[in-house]
Amino acid sequence: MEAAVTETLSAGPLEIRPGQNVAAVNGRTLALTRHELGLLIALARRSGAVAGREELAEQAWGRPLRSGDRSVDVYVRRLRQKLASAEPRWEFIHTHFAFGYRFGAERSPAFHIKGTAR
């Protein structure tokens, strides 16, 4: 039980503590719903791997998706907005069309290009 409470998932400036239901960017706690946090944890636990919508829904919320259900996409969009608002220089959730989503901290191309265009 102690390991679950102390588990920390980190990626760049993002830190997630699933046992405490907390996600923070640069030390600032993000205001996430239960569904958003569950999805973020499911993605972070598979860091670097592509996960399909069905798999993410099962891991994040403990339920299968119904046919045509786009709730994973909706929550990914909301997470991206909140993460970008908290730290626009980083991207954390990456789309792999026809496959799913991959989690990994990467510098935002807009900031990377702007910073190297001198």
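Q: Which residues are buried in α2?

A: Buried means under 20% relative accessible area, exposed over 50%, and partly exposed in between, with a 1.4 Å probe and protein chains only. In α2, the buried residues are E36, L37, G38, L39, L40, I41, A42, L43 and A44. This is a predicted model, in which local features need pLDDT of at least 70 and side-chain atom pairs count only at pLDDT 80 or more, while totals for chains, interfaces and linings use all residues. Residues are numbered from 1 along each chain as its sequence is written, and side-chain values use heavy atoms, with hydrogens and water left out.

Q: Why is α2 described as largely enclosed by the rest of the structure?

A: Nine of its twelve residues are buried, so α2 is largely enclosed.

Q: What span does α2 reach from its first C-alpha to its last?

A: Helices (H or I, at least four residues) and strands (E, at least two) are DSSP runs, numbered from the N terminus. The expected span of a helix is 1.5 Å times one less than its number of residues. Helix α2, residues 34–45, reaches 16 Å, close to the 16 Å expected.

Q: How many aromatic pairs does the structure hold?

A: Rings of Phe, Tyr and Trp (its six-membered ring) pair if their centres lie within 6.5 Å; planes under 30 degrees apart count as stacked, over 60 as edge-to-face and the rest as tilted. The structure holds two such pairs. For W61 and Y75 the centres are 5.4 Å apart and the planes at 65°, so this pair is edge-to-face. W61 lies in helix α3 (residues 53–61) and Y75 in helix α4 (residues 71–86), so the pair ties together parts that are 14 residues apart in sequence. Both W61 and Y75 are buried. The rings of F92 and F103 have centres 6.5 Å apart and planes at 20°, so they are stacked. F92 is in strand β6 (residues 90–96) and F103 in strand β7 (residues 100–107), eleven residues apart.

Q: Which residue lies over the face of Y75?

A: A charge sits over a ring if NZ of Lys or CZ of Arg is within 6 Å of the ring centre and within 35 degrees of the ring normal. Here R78 lies over Y75, at 5.1 Å from the ring centre.

Q: In what sense do β1 and β2 pair?

A: Two strands pair if DSSP finds at least two bridges between them. Strand β1 (residues 9–11) and β2 are antiparallel, with three bridges. A11 stands opposite L14 in β2. Two residues separate the strands of this hairpin, and G12 in the turn has a positive phi of about 55°.
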